[in-house]
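Could you go through this one with me before you plan anything around it? My notes come after the picture.

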Amino acid sequence: MRDTIIYKGFEFEYDVTYYPAEEETNTYAGIEVENITLNGIDASELLETQITEFENFIWEQKYE
C-alpha cells in the first residue's frame, strides 16, 4: 500500500506492507517499508542511516 508521512518536516511517500501478529507462531506484528521517496525522488540514500528510526516512527504514528 502506498502511503505518506511527514517526518522531520518533510513529506515522504513509501510502500508499506503490514504483517499482523500470529499467535500460532508467536510472531509479533510488524511492517516492511520500501520505495521511500521525497518529492518523487528516491530517498533511500538520504535516510540510509535512519531507516530503522523512520520505520519505528511510521509504526508509532500509524499502527499503535
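1. Ground rules. This is a predicted model, where local features need pLDDT of at least 70, side-chain atom pairs count only at pLDDT 80 or more, and totals for chains, interfaces and linings use all residues. Residues are numbered from 1 along each chain as its sequence is written, and side-chain values use heavy atoms, with hydrogens and water left out.

2. Overall layout. The chain has one helix and four strands, in the order β-β-β-β-α from the N terminus. Helices here are DSSP runs of H or I with at least four residues, strands are E runs of at least two, and both are numbered from the N terminus. The C-alpha atoms fill a box of roughly 40 × 20 × 20 Å along the principal axes.

3. Strands 2 and 3. Seven bridges link strand 2 (residues 10-19) with strand 3 (residues 30-38) in the antiparallel sense; pairing takes at least two DSSP bridges between the strands. Val 16 has Val 33 of strand 3 as its bridge partner.

4. Strands 3 and 4. Strand 4 (residues 41-42) runs antiparallel to strand 3, joined by two bridges. Thr 37 has Asp 42 of strand 4 as its bridge partner. These strands make a hairpin with two residues between them, and Asn 39 in the turn has a positive phi of about 55°.

5. Burial. Of the 64 residues, 25% count as buried, meaning under 20% relative accessible area with a 1.4 Å probe, protein chains only.

Technical notes. Buried < 20%, exposed > 50% of the residue type's maximum accessible area, 1.4 Å probe, protein only.
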